[in-house]
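Hi there,

Here is the structure I promised to pass on to you.

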Amino acid sequence: MEPHPLADPWTLYAHHTSDAATYRASFTPLATVTTVEEWARLWNHVHVPDLCLNAREIRVSGQRVQTWSYFRGAARPEWEDPANAGGATLALRAHLSPHVARSHWTALIVDATRGAAPPALVGVQLVHKPGRGSAAHVRFELWLAGGADAAHARAWARALLGADFAPAPRGGR
């Protein structure tokens, strides 16, 4: 069977706890997908929301993972990357059940992978802040390229998730 190429390659990253001085060394690329088949293999073997939102600690390269990123093409999850220069961040901060958080992440990743996200979308991040109880405090971030139509990206996210993303400081910090 012939592979089904994606419009753009996408890379999944795991982020470790860091500060401004150590950020560049804090993320690890886990896999890059260029076909539907590669994406399906990745999706079947790496269940990011499950890893992020359950009670156990996840480690990559010996470091605890706090954030997951999924970025288009050669873009890296750092504002100094040329693809992100002059860009913007839209964020959704919420206390969500693991099921709802998983549904949101899945919808964002599937739409991005299949090419249905706004062209200005450079990447998506899921940041997990451990909390008490069954709901986790999460932040979803949409990273947009410079000159992006943020209103269009917000409308896309609202239609996809039924939730409103708000402008956030660069990097969502």
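This is a predicted model: local features need pLDDT of at least 70, side-chain atom pairs count only at pLDDT 80 or more; totals for chains, interfaces and linings use all residues.

Is T113 buried or exposed? With a relative accessible area of 7%, T113 counts as buried, because the cut-off for that class is under 20%.

The side chain of T113 has two polar partners to look at. One is the side chain of Y70, with which T113 makes a polar contact at 2.7 Å. The other is the backbone oxygen of I109, which lies 2.8 Å from a polar atom of the T113 side chain.

Which residues does T113 touch, once those up to four places away in sequence are set aside? They are L6, W10, W39 and Y70. Y70 therefore turns up both in this list and as the side-chain polar partner of T113.

Now for the protein as a whole. There are four helices and eight strands, and along the sequence they follow the pattern β-β-α-α-β-β-β-α-β-β-α-β. Of the 173 residues, 46% are buried, and T113 is one of the buried residues. Among contacts with a separation of 6 or more, 70% are between residues 24 or more positions apart. As for the surface, the protein exposes about 8,600 Å², with carbon and sulfur atoms supplying 56% of that area.

Best wishes

Methods: Residues are numbered from 1 along each chain as its sequence is written. Side-chain values use heavy atoms; hydrogens and water are left out. Buried means under 20% relative accessible area, exposed over 50%, partly exposed in between (1.4 Å probe, protein chains only). A polar contact is a pair of N or O atoms within 3.5 Å; within protein, one must be able to donate a hydrogen and the other to accept it, and residues adjacent in sequence count only if both atoms are side-chain atoms. Contact means heavy atoms within 4.5 Å. Helices (H or I, at least four residues) and strands (E, at least two) are DSSP runs, numbered from the N terminus. Accessible areas come from the Shrake-Rupley method with a 1.4 Å probe; for residues, only the protein chains shown count as cover.
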